[in-house]
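Here are a few exercises on aromatic contacts. Keep the viewer open and try each task before reading its solution.

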Amino acid sequence: MKITAAVVDHQGADFELRDDVELCPMGPDDLQIHMVATGICHSDEALRVGDATIDYPIVLGHEGSGIVEKVGPEVTQFQPGDHVVLSFYACGQCANCLRGVPTQCLNYAHNNLSGVRPDGSSHFTLDGHHVADMFDQSSFTTTTVVRERNAVKVPKELDLRMLGPLGCGYVTGSGTVLNTLQPHPGDTIAVFGTGAVGLAAMMAGRISGCTKVIAVDIVDSRLALAKELGATDTINSRNTDAVQAIRDLTGGYGVDWAVDTTGVTAVMESSIQALAQGGTTATIAVTAHHIDVDTWNDLCTSDRKIVGVNMGDSIPQIDVPRLIKFYQMGMFDFDKTEKFYPFDQINQANAD
């Protein structure tokens, strides 16, 4: 089946819309999805420019929303016409999946980041040649095929265009707070970087009952939106020492929890230095940058911790519906965090 897809031909190349991409045939537990919308995630850009690699040419995209067109004979949870959000694929059979932590699936890298489908076959081809995929999904397409485990059914009355980022950006940010850090009511949290992931983490901090939710960024308009969505305080770190400002806001102690969404060395290091005694920072950006940590001063004597979090330690089939419930209750707002572009403006959307 021929589809249109945004192909990155080589490292650093722009997206090229190709209408001659061949989509793989459906397997017994597959869904064929008509794509309605997709988010553009920092991970997509990291793979496009080569900060992380799978293979080239590649069709990126891993937080899409769409409508089920066909189902395989072994599919039990979906039928044509269902509205779905797509997320990562986990095998469901390894020890970590059986423990209920699919983001730590022992086959995660092969299933999502090898450029081929879980069975080793090509998801896409061009002129008979293999084209790599992402997350067994590749949502920068008009139509795709995914495993049943990739999909989460969502209410039909909601606008599908807004729901795509639930599959990665929103569950990553919110899940890092709700599933991994698990702050207590009355705790304090700082979020570094207020894109979609950071805003989701920030709103999860409010849901958790944090009394200080501090948003840190270098763009005033983003900080204004963060304030509108519930930040108790905002800091523009371009012209303010963020660490000192956070200490000033917390009686000199620092925050209990921090989340870095930027992947920028200086910012990641600031997220550690802004912690109170016994605090924890979560680093969640795909980045080629590294951090320098003074083990004695930054970690040991202060009992601080650094954790890396993949996809918010989420179970999409649980976490996506939970976020939708929060949205319906007015506790989680993704209406104001998105800007829409037609598919043929994908390069402009990525640049913006």
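**Exercise 1: a tilted pair**

Tyrosine 108 is buried, with a relative accessible area of 8%. This is a predicted model, and it holds 7 aromatic pairs.

Task: Classify the pair formed by phenylalanine 88 and tyrosine 108, and say which parts of the chain it ties together.

Solution: 
1. Begin with the geometry: the ring centres of phenylalanine 88 and tyrosine 108 are 5.7 Å apart, with 50° between the planes.
2. Planes under 30 degrees apart count as stacked and over 60 as edge-to-face, so the rest are tilted. The pair of phenylalanine 88 and tyrosine 108 is therefore tilted.
3. Now place the residues. Phenylalanine 88 lies in the loop between strand S6 (83-86) and helix H2 (95-98), while tyrosine 108 belongs to helix H3 (residues 108-113), so the pair ties together parts that are 20 residues apart in sequence.
4. Finally, check burial: phenylalanine 88 has a relative accessible area of 2% and is buried.

**Exercise 2: charges over rings**

Task: Which ring does the charged end of lysine 153 sit over, and which face does arginine 161 lie over?

Solution: 
1. Lysine 153 has its charged end over the ring of phenylalanine 78, 5.7 Å from the centre.
2. Arginine 161 lies over the face of phenylalanine 340, 4.9 Å from the ring centre.

Methods:
Residues are numbered from 1 along each chain as its sequence is written. This is a predicted model: local features need pLDDT of at least 70, side-chain atom pairs count only at pLDDT 80 or more; totals for chains, interfaces and linings use all residues. Side-chain values use heavy atoms; hydrogens and water are left out. Rings of Phe, Tyr and Trp (its six-membered ring) pair if their centres lie within 6.5 Å; planes under 30 degrees apart count as stacked, over 60 as edge-to-face and the rest as tilted. Helices (H or I, at least four residues) and strands (E, at least two) are DSSP runs, numbered from the N terminus. Buried means under 20% relative accessible area, exposed over 50%, partly exposed in between (1.4 Å probe, protein chains only). A charge sits over a ring if NZ of Lys or CZ of Arg is within 6 Å of the ring centre and within 35 degrees of the ring normal.
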